[in-house]
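Good morning, and thank you for coming.

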Amino acid sequence: MAAPRARGCGLSGLLPAQTSLEYALLDAVTQQEKDSLVYQYVQKVDGWEQDLSVPDFPEGLEWLNTEEPMSVYKDLCGKVVVLDFFTYCCINCLHLLPDLHALEHTYSDKDGLLVVGVHSAKFPNEKVLDNIKSAVLRYNITHPVVNDADASLWQELEVSCWPTLVILGPRGNMLFSLIGEGHKDKLFLYTSIALKYYKDRGQIRDNKIGIKLYKDSLPPSPLLFPGKVTVDHVTNRLVIADTGHHRILVVWKNGQIQYSIGGPNPGRKDGVFSESTFNSPQGVAIKNNIIYVADTENHLIRKIDLEAEKVSTVAGIGIQGTDKEGGAKGEQQPISSPWDVVFGSSGSEVQRDDILWIAMAGTHQIWALLLDSGKLPKKNELKKGTCLRFAGSGNEENRNNAYPHKAGFAQPSGLSLASEDPWSCLFVADSESSTVRTVSLKDGAVKHLVGGERDPMNLFAFGDVDGVGINAKLQHPLGVTWDKKRNLLYVADSYNHKVKVVDPKTKNCTTLAGTGDTNDVISSSFTESTFNEPGGLCIGENGQLLYVADTNNHQIKVMDLETKMTSVLPIFTSENAMVDGPFPAEKQRTLPKLPKSAPSIGLSPMTASPGQTLQFKLRLELPSGAKLTEGAPSCWFLSADGNEWLLQGQIPSGDIENISNQPTILLQIPGDCLSLEAVVSVSVFLYYCSADSSACMMKAILFSQPLQITDTEQGHMAPVELRYVF
């Protein structure tokens with residue numbers, strides 16, 4: 001079918017008739033009245049002397065999820081087509097996807113409906129087909145997508161904002177347009193009536209469209225679009241939001257998986273780990289074996305209790321909220337696309353970690369969830385569980401203001417806290433304004449740090465420029481993390497495929513790592529390293545390591561800030577099966593022989609149940625003034641003579657690097673126990689020098705813990721403190 005002669009193809013041609021329809025719909029009471037009004041409208045538009053025809057897709061465009069390029073007037077003839085003009089960075093476009101999924105679930109191509117995504121990029125990085133491929137996978141888009149990199153169709157139709165839907169009749173004739181998100185009812189109403197009208201006239205074809213899903217061509221991957229990563233500073237475990245697999249991983253620092261919670265498919269269920277599900281989780285924060293999760297596409301904040309092995313919901317109602325004030329109890333408060341979370345403290349001087357700060361990308365705000373009763377800056381006392389807006393008007397802007405409610409953010413996607421003076425602020429990666437901003441913890445004032453420009457309405461001031469303050473340019477940064485040791489802020493400059501570092505004192509922003517190339521380089525120096533849309537990052541190992549969620553490379557990269565080398569964290573299961581990355585074969589540590597002089601301390605027997613995690617906290621004291629010998633291998637070992645099955649999949653040894661920050665040793669009782677009685681031993685070897693450094697020595701000690709294993713669930717168990725004074 002050739003394209004018919006059009007009467008002008010801009011969306012403005014629909015405006016008068018559709019506006020009249022929408023006013024009439026406001027007065028309609030019953031569904032029958034609404035259906036009748038829309039049917040009459042379609043009849044009117046269909047009867048115009050000349051169709052308001054959409055131009056065909058230009059030749060040479062790149063397509064995804066199809067067997068070959070498509071034509072409106074050849075392949076889509078006889079179909080009602082929904083064109084979705086979107087760009088994959090846009091939170092409003094993401095909010096629309098569930099509506100489109102629901103529509104496609106209701107009507108198939110056999111029913112005469114087809115959705116086509118027209119990707120019209122905002123950022124230069126989004127014009128690259130490989131990056132669109134990643135977005136199609138990440139958001140489970142299964143309809144055809146065309147990369148209109150030069151926005152030719154966008155311009156011809158005079159589209160003005162993301163997202164915009166255009167509904168076509170079976171001749172490529174435009175019937176309706178819907179601008180923005182939140183029009184699910186109209187989308188279903190308009191589409192269903194258009195299908196009925198044209199079926200009544202025999203103009204709908206039930207032929208299948210040649211769909212070939214891009215995701216079907218990919219090999220399985222242990223991580224799929226990991227969005228965020230954080231460190232448990234007590235145990236040195238990592239928590240990874242394995243976003244594309246809809247799960248949370250807790251892994252040891254060598255990459256061995258301790259817990260996998262949720263996945264592989266999206267869902268929204270609380271309960272024990274084996275039943276719990278998430279939907280594209282992003283931000284994670286951990287303390288005292290409790291993990292808080294920004295469950296982004298469920299519009300929830302979830303709580304994972306590693307000791308009870310249960311997941312619960314602490315904020316959100318499971319559907320996208322539009323409230324921009326908040327103030328209700330968490331599980332009754334609707335929220336919208338939380339993207340990151342970080343612990344903070346209320347008014348008291350003590351670090352209580354009784355607030356969970358939330359980057360609420362969907363409403364362009366910073367929110368707070370009270371984990372205990374307390375105060376926010378400039379607020380009255382708030383009850384435990386209260387969830388409310390702290391900063392941001394809800395308008396999508398790059399607006400700084402001394403009054404937090406008058407400031408404007410644009411899809412804040414990353415948070416980090418610097419509680420100490422002189423900083424006392426939240427750092428915010430404000431992705432759509434391509435800036436990093438600060439929110440004062442004293443009065444809520446929102447200030448600019450780097451990127452963007454002075455006009456608060458200009459969300460297109462992006463680039464890749466090292467510089468100071470506003471002269472530095474970023475492109476859609478998604479993550480930030482504060483280095484307390486060096487007083488520096490690291491930024492995941494996502495669409496520039498780099499990690500940058502900012503000195504908040506001078507506002508100087510420079511590239512730390514990443515060439516800007518997205519090809520995956522496994523191990524390299526910072527200057528040669530590569531990333532692909534890194535989404536999150538965190539500091540670990542007392543400031544030595546920077547962990548980066550290298551999202552589109554499906555990896556966690558490890559940057560050593562001292563050697564300036566980058567490597568990949570191998571992800572592997574407790575059965576030692578390799579599931580990601582190069583895993584250098586490490587020589588297994590052997591337990592040294594204890595000196596005859598080493599004291600042996602027997603601990604009181606304890607009862608445990610299968611699956612329970614025991615914690616042993618080292619509390620060793622050196623002689624006054626003594627310090628650990630630098631470079632000497634002070635360490636601990638777990639052993640279980642005659643019951644080695646207890647140690648299968650466990651971390652059997654570790655280093656002791658700082659006597660003032662001693663490790664907690666974890667032992668998870670296996671699900672299948674070969675014996676109901678056992679003794680676990682913790683051997684400790686310390687190398688230290690006297691206060692005047694005149695003598696250095698090695699001391700050792702053995703702790704023996706008898707265990708009685710029972711099927712009766714034991715509930716919460718306090719950590720066992722291993723105390724000794726040398």
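This is a predicted model: local features need pLDDT of at least 70, side-chain atom pairs count only at pLDDT 80 or more; totals for chains, interfaces and linings use all residues.

Let me begin with the second largest pocket, which holds about 1200 Å³ of space. Its lining is made up of 43 residues, and those nearest the centre are Leu137, Arg138, Asn140, Leu224 and Phe225. Helices α3 (91–106) and α4 (129–138) each contribute at least two residues to this lining.

I turn now to the aromatic rings, of which 18 pairs are present in the structure. In one of them, Tyr197 and Tyr198 have ring centres 4.9 Å apart and planes at 90 degrees; planes over 60 degrees apart count as edge-to-face, and therefore this pair does. Tyr197 is buried, at 3% relative accessible area, and Tyr198 is buried too, at 0%.

A further edge-to-face pair is formed by Trp423 and Trp482, with centres 5.6 Å apart and planes at 65 degrees. This pair joins distant parts of the chain, 59 residues apart: Trp423 lies in the loop between β23 (412–418) and β24 (425–430), and Trp482 in strand β28 (479–483). Both tryptophans, Trp423 and Trp482, are buried.

Which residues do ring pairs link into a cluster? They are Tyr88, Phe123, Trp154, Trp162, Phe460, Phe462 and Tyr495.

Finally, two charged side chains deserve mention. Arg302 sits over the face of Phe278, 4.8 Å from the ring centre, and Lys406 sits over the face of Tyr403, at 5.4 Å from the ring centre.

Methods. Residues are numbered from 1 along each chain as its sequence is written. Side-chain values use heavy atoms; hydrogens and water are left out. On a 1 Å grid over the protein atoms alone, a cavity is a set of points where a 1.4 Å probe fits but cannot get out, and a pocket is an open set with protein on both sides within 12 Å along at least five of seven lines; lining residues have an atom within 4 Å of a point. Grid points are joined across faces, edges and corners, and a volume is the space filled by probe spheres set on the points. Helices (H or I, at least four residues) and strands (E, at least two) are DSSP runs, numbered from the N terminus. Rings of Phe, Tyr and Trp (its six-membered ring) pair if their centres lie within 6.5 Å; planes under 30 degrees apart count as stacked, over 60 as edge-to-face and the rest as tilted. Buried means under 20% relative accessible area, exposed over 50%, partly exposed in between (1.4 Å probe, protein chains only). A charge sits over a ring if NZ of Lys or CZ of Arg is within 6 Å of the ring centre and within 35 degrees of the ring normal.
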